[in-house]
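Here is a short briefing on contacts between side chains. Keep the sequence and the 3D view open as you read.

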Amino acid sequence: MNYDTVFHVDNERVSLDIAVNNIVNFHKALGGRAAELVLVVNGPGVLHLVRENAEVAEKIRMIHGLGVIIRVCNNALVHFDLSADRLCPECEIVPAGVVALVECQKRGFAYIKP
């Protein structure tokens with residue numbers, strides 16, 4: 001069975017918190033089974049990923065340590081005038097979050113949006 005999963009956050013902070021909890025619980029439930037886990041953040045969700053937000057930065061560091069890939073939409077960064085150097089260093093910038101979502105889904109990833 002394929003457990004590869006993409007988690008999607010595009011809005012309020014509570015969605016990011018729920019996604020992080022979902023990721024941690026999912027990872028734990030896998031019990032060591034192989035899975036690629038990706039968090040895609042676009043829209044206003046990118047505003048939460050600034051390194052100055054110590055609580056979020058710790059959560060991002062923690063899930064990245066579990067092997068989660070964090071992809072952040074460059075279109076949203078431009079729209080919200082947020083420079084990439086303000087993001088948590090674990091973030092990988094992609095040209096378009098929606099394209100990253102489609103790419104994951106085309107590769108057979110399950111889609112979770114808290």
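A residue is called buried under 20% relative accessible area, exposed over 50%, and partly exposed in between (1.4 Å probe, protein chains only). By that scale Glu52 is exposed, at 51% relative accessibility. The model is predicted, so local features need pLDDT of at least 70, side-chain atom pairs count only at pLDDT 80 or more, and totals for chains, interfaces and linings use all residues. Residues are numbered from 1 along each chain as its sequence is written, and side-chain values use heavy atoms, with hydrogens and water left out.

**Salt bridges**

- Side chains of opposite charge can pair when their charged atoms come close.
- A salt bridge here is a side-chain nitrogen of Lys or Arg within 4 Å of a carboxyl oxygen of Asp or Glu.
- The count by this rule is 9 salt bridges.

**Lys113 and Asp10**

- Lys113 and Asp10 form a salt bridge, with their closest N and O atoms 2.9 Å apart.
- Lys113 sits in the segment after β5 (110–112) and Asp10 in the loop between β1 (5–9) and α1 (13–30), so the pair ties together parts 103 residues apart in sequence.
- Helices (H or I, at least four residues) and strands (E, at least two) are DSSP runs, numbered from the N terminus.
- Lys113 is partly exposed at 39% relative accessibility, and Asp10 is partly exposed at 24%.

**Glu36 and Arg107**

- A salt bridge joins the side chains of Glu36 and Arg107, at 2.9 Å from N to O.
- Glu36 is in the loop between α1 and β2 (37–41), while Arg107 is in the loop between α4 (97–106) and β5, 71 residues apart.
- Glu36 is partly exposed at 24%, and Arg107 is partly exposed at 48%.

**Arg86 and Glu52**

- Arg86 and Glu52 meet in a salt bridge, 3.0 Å from N to O.
- Arg86 lies in the loop between α3 (74–79) and β4 (91–94) and Glu52 in the loop between β2 and α2 (54–65), so the pair ties together parts 34 residues apart in sequence.
- Arg86 is partly exposed at 35%.

**Aromatic pair**

- Rings of Phe, Tyr and Trp (its six-membered ring) pair if their centres lie within 6.5 Å; planes under 30 degrees apart count as stacked, over 60 as edge-to-face and the rest as tilted.
- The structure holds 1 aromatic pair.
- Phe7 and Phe26 form an edge-to-face pair, 6.1 Å centre to centre with 75° between the planes.
- Phe7 is in strand β1 and Phe26 in helix α1, so the pair ties together parts 19 residues apart in sequence.
- Phe7 is buried at 2%, whereas Phe26 is partly exposed at 25%.
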